[in-house]
Amino acid sequence: MALFSYEFMIKALWAAVFIAGIAPMLGVFLVIRRQSLMADTLSHVSLAGVALGFFLNLDPSLTTLIVVVIAAILMEYLRSMYRTYSEISIAILMAGGLALALVLMNLSKGNSATSIQSYLFGSIVTITTQQVVTLGILFGLTAVLFALFKRPMYVLTFDEDTAHVDGLPVRWMSMAFNVLTGVAIAVMIPIAGALLISAIMVLPAAISMRIGKSFNTVIVISIIVGLVGMVSGLISSFYLNSPPAATITLVFIALFLVVNLVKRIVIGLQRGRRLG
């Protein structure tokens, strides 16, 4: 294939593979914990980190990482404070992050608005070797942590009260998960874009939950769906000359619609056989 003759596409494909492993492993827990909007919130807060980097003339990637990690910790604190109304933390942080980003953009000199726009939509085809290596390290770290803490996180995800009775450090585990999610988002933002990163994290999990019958099956299917969506979306964007992140998101949405349609047809046929 012609795309494999381009070095930037090879790097992009490696990045797509790593993201396809990272995003679903975190996304499944986000969806089951009913925190799907957390990824969206942290991605919007990341814009404040980018704007802070330009304002202080520092590396935006570093300031984004710091701001997102702080926001992830603050989100858990607010969630514990408003246990019955956990969505309050999302509203506060999303509004605060966007407001801070706009203020810092206004105070910054130069073309910071144009630079921040690149973080809004991302660009997987302009990824550097260093970013690919960082994604690979993050993928390895996420996989190791997932293997070590899958069972405790499983208990925590489905019933925090049971996890507390079992002696698990519920608050620290939840905070650590938020921080890991924040770090993953901060690393993937320049590649996938702040506006689309939540879709890449949530949609594979949503699709796999419609197919899988057990937790382990859902995890495996979500990674497979993530890999199919990322790679096919990237290849499609190459030949269609369309924005990669947007094309990948549309592929995931198409897969979601197809899976739900097939699921409805299968359920309808099963009911028909029972009635017949």
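## Helix assignment and the nonpolar patch

Helices are here DSSP runs of H or I that hold at least four residues, numbered from the N terminus, and in this predicted model Leu107 has its place in helix H4. With a relative accessible area of 49%, Leu107 is partly exposed.

Leu107 belongs to a nonpolar patch on the surface, which is formed together with Phe55, Leu56, Leu58 and Val103 and has about 440 Å² of accessible area in total. Two or more residues of the nonpolar patch come from each of helix H2 (36-56) and helix H4 (87-107).

## Helix H3

Helix H3 covers residues 60-81, and its 22 residues should span 32 Å at 1.5 Å a residue, a value with which the 31 Å between its end C-alpha atoms agrees.

## The salt bridge in helix H1

A search of the whole structure finds one salt bridge. The side chains of Lys11 and Glu7 meet in a salt bridge with an N to O distance of 3.7 Å, and, because these two residues are four apart in helix H1 (residues 7-32), about one helical turn separates them. An α-helix has 3.6 residues a turn, so residues three or four places apart point the same way.

The two partners fall into separate classes of accessibility, since Lys11 is partly exposed with a relative accessible area of 21%, whereas Glu7 is exposed at 56%.

Definitions and conventions. Residues numbered from 1 in each chain as written. Predicted model: local features only at pLDDT ≥ 70, side-chain atom pairs only at ≥ 80, totals over all residues. Heavy atoms only, no water. Patch = residues over 30% accessible without salt bridge, like charges linked within 9 Å, V, L, I, M, F, W, Y side chains within 5 Å. Areas by Shrake-Rupley, 256 points an atom, 1.4 Å probe, with all protein chains shown as cover. Salt bridge = Lys/Arg side-chain N within 4 Å of Asp/Glu carboxyl O. Buried < 20%, exposed > 50% of the residue type's maximum accessible area, 1.4 Å probe, protein only. Expected span 1.5 Å × (residues − 1).
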